[in-house]
Amino acid sequence: MQYHQVVKGRFLRRPNRFIAHVETEDGLQICHVKNTGRCKELLVPGTRVWCQEASSPARKTRFDLIAVQKGSHLINMDSQAPNQAALEWMREKEAKGLSLENVGIPTNVRREVTHGDSRFDLAFELKNEV
């Protein structure tokens, strides 16, 4: 998983759980926060943050806040990142015909699948190698 069009900034404030105000070289940016948790220990005014420029010009915000500096650590704030990384890994296994821990080859890998009243972040089928 890779991020593109990333800019550094300084976190200023978070008026609600979806929006952050970040100062970049180009001035004040209104950013979408990809993690709706409180994150008060991370999003402290003045903290160094990283934002990704959105690819769609139709969006309400130009940037997504994706990472924050905490001491010497860079912390990913994108709550969708773990699912995206797992999806990419599974699709790679599927494309190469490689088994998942000797239980089978993942096929028909897809995101956000509904089943009855439930929704699965990732769904797939296993094809036996035999």
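**Salt bridges and a helix**

Analyst: Glu23 forms a salt bridge with Arg10, with 2.3 Å between the closest N and O atoms. This is a predicted model: local features need pLDDT of at least 70, side-chain atom pairs count only at pLDDT 80 or more, and totals for chains, interfaces and linings use all residues. Residues are numbered from 1 along each chain as its sequence is written, and side-chain values use heavy atoms, leaving out hydrogens and water.

User: What makes Glu23 partly exposed?

Analyst: Its relative accessible area is 35%. Buried means under 20%, exposed over 50%, and partly exposed in between (1.4 Å probe, protein chains only). So Glu23 falls in between.

User: Why is the contact between Glu112 and Arg119 a salt bridge?

Analyst: Their N to O distance is 3.8 Å, and the limit is 4 Å, so the pair qualifies. Glu112, Arg119 and Asp121 are linked in a network of salt bridges.

User: How do you know that the length of helix H1 agrees with its residue count?

Analyst: Helices (H or I, at least four residues) and strands (E, at least two) are DSSP runs, numbered from the N terminus. The expected span is 1.5 Å times one less than the number of residues. H1 has 16 residues, 81–96, so it should span 22 Å; its end C-alpha atoms are 23 Å apart, which agrees.

Terms used: Salt bridge = Lys/Arg side-chain N within 4 Å of Asp/Glu carboxyl O.
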